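Dear colleague,

Please find below the sequence and structure that I am handing over to you. My findings follow directly after it.

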Amino acid sequence: MKIRTKLQLALGTLFLLIAILSAFAIRQVNLLAQDTKNILVANYQSLDYSRNMLKAIDADTLSANNLSQFKLYLNKQLANITEVGEKEFTTELQQQYISLEKNPDDKTVLRNIRASLNGVMKLNMDAIQRKSAVAEKTADSSVLWLTFTAALCISLGFLLFINLPTAIAAPIKKLTDSIRQIAEKNYSQRVYIEGHDEFATMASTFNSMAQKLEEYSASDLAKLMTEKKRVETLIDNMADPVIGLDEKHYILFINEEALKITALKKENIIGKNISEVALTNDLIRDLSREAVLGDVKPREVLKIFSEGKEGYFEKNIVPIQIVPTGETQQKKIGSVVILRNITAHKELDEAKTNFIATVSHEFKTPIASMKMSLQLLENERIGVLNDEQKNLITGIKDDAERLLRTTGELLDISQVEAGKWQIKNQPCSLAGLVEEALQANRQTANNKGLLLEANIPQELPLVTADKDKMVWVISNLISNAIRYSYENSSIKLDVSAANDKVILKVADSGVGIPENYLNRIFDRYFKVPGSIKGGTGLGLAISREFIQAMGGSITVQSKVGGGTVFSITLNAVKDNK
């Protein structure tokens with residue numbers, strides 16, 4: 001039998017039982033109502049009419065009004081004859097009333113009337129008692145049948161309540177448990193459900209699927225083992241050290257390069273938790289801190305001494321996450337620790353830094369000599385120059401200044417890369433540093449028709465900074481603003497203090513920087529594509545290094561055609577103004 005048919009039969013039976021119980025209850029209630037109506041409507045009214053007629057003739061002297069009342073209720077009684085023998089009594093009352101109407105003082109007639117009324121009243125009282133017994137019998141019968149019917153309905157309903165959910169839930173539970181076993185790759189699981197309903201069909205289909213999965217798993221096992229060997233061989237032959245961990249941080253694999261730099265043996269660590277291995281190995285301890293605790297430092301470079309030489313490795317921990325079949329959320333199943341060998345790149349970078357530092361240092365002396373020679377040529381005591389010669393000297397002098405600035409930036413960046421520069425932080429007045437930087441750039445701004453405006457409050461806290469390097473940073477921002485501003489515009493420097501911080505903003509009204517280049521503006525050697533202005537692309541990179549070393553930060557906001565604003569935030573010295 002189909003599940004749908006079972007449910008229809010069960011629910012149909014319940015509906016039928018409810019309908020039968022409701023119909024029977026309505027029938028019995030109607031019977032009781034009819035019996036009660038017979039008592040109240042007919043017999044009670046006859047008693048009431050008789051009582052009123054007795055009251056009308058009980059007066060000492062019968063008046064016309066008494067007779068009128070008697071006649072009124074007599075007529076009502078004539079219309080309410082319902083019992084056997086009641087008609088005869090009522091007819092006698094009618095005849096007796098006629099006699100009483102002719103002779104109101106006739107005592108015999110009054111006595112006969114009272115006897116007739118008593119007869120009517122006795123008939124109705126007997127009828128009320130008889131009908132009450134019938135109503136009581138009907139009520140008892142109704143209670144009995146209703147009780148029996150309700151007990152039958154409740155029993156059948158209870159049987160359905162107990163058996164129907166079990167009949168449906170039990171096969172579903174079997175299927176659910178079996179599906180869970182299949183999800184855990186127990187493909188030998190089978191479901192046995194007897195019958196010819198949908199559950200039996202579903203169980204048969206499920207068993208067929210499980211059998212196919214079991215066959216598929218067995219047939220692909222050798223292939224999977226081959227692929228596993230291939231991956232292991234590939235990892236072992238990688239030039240970079242690699243360590244694989246599962247979701248509980250147990251070591252799954254480690255290649256030869258990783259074994260060399262850690263001085264470990266594969267058979268001693270495979271299958272062990274990385275935290276356990278870290279107890280006896282400093283390098284593994286450093287790697288486990290990030291792999292286990294998640295204390296990841298992006299692209300950190302490690303200096304490792306192995307096999308008699310130093311090597312440089314860039315550490316990278318890659319989490320392995322998958323979306324399990326049938327689910328929607330990613331689940332972490334492990335991680336891979338990769339140490340990329342950058343020793344050759346590091347050596348080339350150091351060679352480049354040393355070369356730049358040497359060349360920059362060597363260039364400074366001849367450039368200084370060139371500037372001195374230009375100053376002598378400008379001195380009229382040596383000789384008077386014509387206008388064309390003066391223009392040439394001016395051009396040479398500008399080129400020498402630019403070359404000296406470029407050489408200084410290269411020397412600064414080489415010191416930054418080599419870690420040879422030092423920051424001497426001390427309390428100082430930012431207002432004085434801004435004024436010093438303004439003086440250094442005022443002539444250049446005047447030559448371009450630019451107005452330098454400084455808004456510096458009188459009460460300003462001291463800041464923690466390196467005076468020389470801070471002046472250099474501010475001067476670099478001002479010179480950049482001069483370089484990229486339109487002629488006859490203005491450059492504004494605003495200083496403010498809030499929340500133990502002092503903020504300096506350098507704003508120009510120049511060409512601006514496209515939004516897609518703002519996140520690269522502080523990169524070394526980066527210049528906005530299409531820019532026709534000079535520069536090495538090092539000034540902002542050096543500025544950021546200096547500001548961060550002072551414990552501050554530097555940010556930029558810009559809009560093409562709307563100018564650029566550089567903001568420097570420094571720590572204020574507490575309890576100082």
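The second largest pocket has a lining made up of Lys228, Val231, Glu232, Ile235, Asp236, Leu252, Phe253, Ile254, Lys266 and Ile270. Two elements, α5 (198-236) and β2 (251-254), each give two or more residues to this lining. The most comes from α5, which supplies five residues. Please bear in mind that the model is predicted.

I also examined the packing of two helices. Helix α13 (residues 467-484) lies against helix α14 (residues 539-549) at an angle of about 145°, and their axes are 10 Å apart. The crossing of α13 past α14 is left-handed. On the α13 side, the contact is formed by Lys469, Met470, Trp472, Val473, Asn476, Leu477 and Asn480. On the α14 side, Gly539, Leu540, Ile542, Ser543, Phe546 and Ile547 take part. Taken together, the residues of this contact comprise eight nonpolar, four polar and one charged.

Leaving aside residues up to four places away in sequence, Ser567 touches Leu504, Lys505, Ser553, Ile554 and Thr555.

With kind regards

Methods. Residues numbered from 1 in each chain as written. Predicted model: local features only at pLDDT ≥ 70, side-chain atom pairs only at ≥ 80, totals over all residues. Heavy atoms only, no water. Contact = heavy atoms within 4.5 Å. 1 Å grid on protein atoms, 1.4 Å probe; cavity = no way out; pocket = protein on both sides within 12 Å on 5 of 7 lines; lining within 4 Å. Helix = DSSP H or I, 4+ residues; strand = E, 2+ residues; numbered from the N terminus. Axes fitted to C-alpha atoms, helices over the stretch in contact; angles between N-to-C directions. Left-handed = near helix turned anticlockwise from the far one by under 90°. Nonpolar A, V, L, I, M, F, W, Y, C, P; charged D, E, K, R; others polar.
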